[in-house]
Amino acid sequence: MMNAEGGTSETLSLDDLHASVGVRSGRKHVLSILVENKPGVLTRVAGLFTRRGFNIDTLAVGPTDDDAISRITLTVDGALHPIDQVTKQLHKLVNVIKIRDLEPGDSLARELALFKVTVDGPRRAEVMQICDIFRGKVVDVSKDSVIFEVTGTTEKITAFDEMLKPFGLVEMMRTGEIAIARGRDET
Amino acid sequence: MRAVDAIMECLKAEGVEVVFGLPGGANLPTYDAFVDSEIKHILVRHEAGGGHAAEGYAKATGKVGVAFGTSGPGATNLVTPIVDAMMDSVPVVFMTGQIRSDLLGTDGFQEADTIGITMPGVKHSFMVTDANDIPRTIHEAFYIARSGRPGPVVVDIPVDISRADIDYEPVMEVSLPGYQPNVEGNAKQIRQAAKALAAAKRPVLYVGGGVVLGDASEELRALAASDRFPVTSTLMGLGSFPSEGPQWLGMLGMHGTRAANYSMDQADLICAIGARFDDRITGKLDEFAPHAKFIHIDVDPAEISKNVPAHIPIVGDVKSILPHLTSEYRALGADSTRLDDWLAKIEGWKKEFPLTYTDTDDNEIRPQYMVEAVYEATGGNAIVCSDVGQHQMWTAQYYHFPEPRRWINSGGLGTMGFGLPAAMGAKIGCPDQDVVLIAGDGSIQMNMQELAACSQEGIDVKVLIMNNGCLGMVRQWQELFWEKRYSHVDMGDYPDFVKLAEAYGATGVRLTDKSTLVDDLRSAIATPGPVVVDVRVTEEENVYPMISPGMPARDMVG
């Protein structure tokens with residue numbers, strides 16, 4: 001049967017309707033957000049997370065090839081927060097131009113970290129070997145300390161951190177993840 | 001041209017008729033421009049009064065309200081109206097003065113971080129750092145305030161910037177790359193919604209303030225008339241559907257009717273239109289409308305599935321979506337008799353559980369009776385404003401609003417003190433209509449000072465105080481949920497509202513006699529100029545029925 005608008009009028013059963021949104025994805029999400037490069041924009045983004053009770057796991061902000069636009073890369077735990085609600089609230093910020101929720105398989109994520117370790121003697125060789133395995137670099141050496149630089153995914157940095165802990169890790173600095181889409185498409 | 005004269009030009013271009021505000025050090029240049037401007041300015045006695053007046057103006061007219069304040073305390077006094085406007089999606093532009101740019105961050109005299117303080121409560125805000133940006137910024141502010149889901153926008157201008165001269169050229173268009181507010185409803189989704197309505201045996205249209213804000217009352221009525229769909233409304237949506245007739249269920253939620261709440265509880269399909277499933281509507285969320293599938297129509301995508309997962313989401317402007325939905329539904333030629341059982345059930349609830357109260361034989365005035373008397377005295381045709389509390393709920397229950405934009409109150413934030421300034425703004429926006437304020441004796445004292453502005457400017461508002469001598473809603477909760485341990489709710493016999501009215505240059509009347517109440521109210525409302533009517537009502541009266549906090553809607557009491 002055809003209706004007046006020309007479409008079919010096959011009946012719909014309410015039992016067949018499903019609500020698909022509002023669920024938690026259960027995984028980490030890397031949100032790559034283009035924002036206007038204006039004062040206070042980061043505060044608006046961060047304030048939104050606070051106000052709505054969302055946690056930011058990591059955050060990195062940097063310029064783009066357009067002076068008027070900055071990129072915020074942040075990671076959110078999709079097990080704790082409904083990611084569609086997070087992105088929809090972000091979209092309401094007037095200064096937010098574009099949001100991309102990067103799929104882990106379709107993107108590359110990197111973080112840079114610096115580790116300061118107090119070691120000397122034979123243990124120094126041992127820790128430098130670990131650094132090699134993680135493709136890290138020694139960027140500073142003193143009589144009783146070494147500073148390593150490592151880049152990689154958050155998981156790799158965390159693994160390196162675990163390996164170094166027994167050696168007298170003094171401190172660690174992490175940048176937070178940045179990410180880029182694979183293939184030709186722009187992020 | 002002086003930047004401040006450019007501000008006046010921009011306001012004129014935006015169609016601004018009136019600004020509510022109060023001058024101070026940091027907005028002296030702007031106030032100088034008012035001297036030669038055609039734009040009317042109402043001098044309020046407290047910035048919060050100005051902010052709420054701008055809200056009342058916006059709610060009554062649908063236009064953007066404008067409130068001005070100076071830096072520091074002027075701006076912080078605007079915080080409550082700003083957040084109030086955010087919660088109820090009211091289009092208002094707030095322009096605040098700021099201290100000199102070179103003093104920013106030094107804790108200068110009357111410095112406050114206005115942008116920072118207001119950030120969580122605005123739709124957007126601007127700090128102007130270059131005088132040449134003033135015109136464009138003002139137009140962007142108005143555009144953002146009124147488009148999409150409306151809301152408050154703050155424009156903060158340091159005093160040295162507003163003192164500058166600029167080359168003013170009218171701004172024709174705005175450029176906001178991250179802001180695309182106007183969305184057409186998805187045609188496929190609309191068709192799906194029509195099919196769901198046709199399949200539903202127990203449908204309910206649940207409408208909210210978005211229908212009023214979107215000026216879609218006619219379109220809603222047409223949808224409801226396409227079959228015999230029962231309609232319920234939130235507090236903010238009252239008036240968008242006529243408050244009478246077989247399809248009207250009454251208001252829903254905490255103090256809604258049993259017919260409305262039971263219908264939601266039993267429905268198999270709920271079509272939410274410009275409503276946001278607030279906790280005062282749903283009661284216990286897990287047990288809200290357990291049998292229902294949801295169509296959710298809203299201009300704000302973030303409202304979809306925020307509290308209740310939507311089965312058929314439709315994002316867009318209600319005014320354009322509803323006619324599509326209506327014609328799609330009509331085209332399906334659904335068999336209306338499928339609703340017979342459902343409508344019979346609803347009719348049963350309406351008959352069994354009407355809104356009612358126990359009147360007394362003596363002359364004491366029951367608060368519910370007072371609202372009925374106001375309805376009669378105004379012929380049901382006034383713009384009715386309220387404050388927040390029991391009187392607000394009774395007004396929502398017993399004043400039957402026939403049209404949208406006749407009911408002006410603070411819903412989301414629940415701001416006591418909203419009423420009097422809002423009534424001022426409504427009267428200025430709609431000078432040909434009667435504007436009455438039903439206020440509580442607690443609420444009215446929170447912005448009573450604006451009576452001075454009403455008297456000075458001849459703003460003809462009728463303030464009807466429902467005086468029970470206490471903070472009634474808090475008293476009710478202490479009675480019901482805190483074992484009658486009354487803590488700081490008694491307000492005594494203070495102040496003498498009649499004398500206070502006279503001190504403010506208004507007419508003051510006290511009414512205590514039920515038998516003449518309607519006539520007395522009628523003559524008070526007919527008295528020219530601002531009038532304050534102190535109506536003494538029963539103290540220990542509760543708003544019923546009620547969904548107790550955290551309980552499901554089907555467990556209504558009272």
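1. In which sense do strand E13 (residues 383-386) and strand E14 (residues 407-408) of chain B pair, and over how many bridges? This is a predicted model, and in it E13(B) and E14(B) pair in the parallel sense over two bridges. Within this pairing, B:Cys385 stands opposite B:Ile408 of E14(B).

2. From E13(B) the path goes through helix H17 (residues 390-398) of chain B to E14(B), giving a right-handed β-α-β crossover.

3. E13(B) has another partner too: strand E15 (residues 435-440) of chain B runs parallel to E13(B), and four bridges join the two. Here B:Ile383 has B:Val435 as its bridge partner in E15(B).

4. Now for the side chains of E13(B). In a regular strand, side chains alternate between the two faces of the sheet. B:Ile383 and B:Cys385 point one way, B:Val384 and B:Ser386 point the other way, and all are buried.

5. Turning to the interface, 28 residues of chain A are in contact with 28 residues of chain B. On the chain B side, helix H9 (187-199) and helix H14 (318-332) each supply at least two residues. H9(B) gives the most, with four residues.

6. Chain B has a mean pLDDT of 97, with 100% of its residues at 70 or more. For the model, ipTM is 0.90 and pTM is 0.95.

Methods: Residues are numbered from 1 along each chain as its sequence is written. Chains are lettered from A and ligands numbered from 1 in the order in which they are written. This is a predicted model: local features need pLDDT of at least 70, side-chain atom pairs count only at pLDDT 80 or more; totals for chains, interfaces and linings use all residues. Two residues are in contact if their C-beta atoms, placed from the backbone, lie within 7 Å. pLDDT is the predictor's confidence in each residue, from 0 to 100. A residue is buried if 20 or more other C-beta atoms lie within 10 Å of its own, exposed if 12 or fewer, and partly exposed in between; C-beta atoms are placed from the backbone. Two strands pair if DSSP finds at least two bridges between them. A crossover is right-handed if, with the strands pointing away from the viewer, the path from the first strand over the helix to the second runs clockwise.
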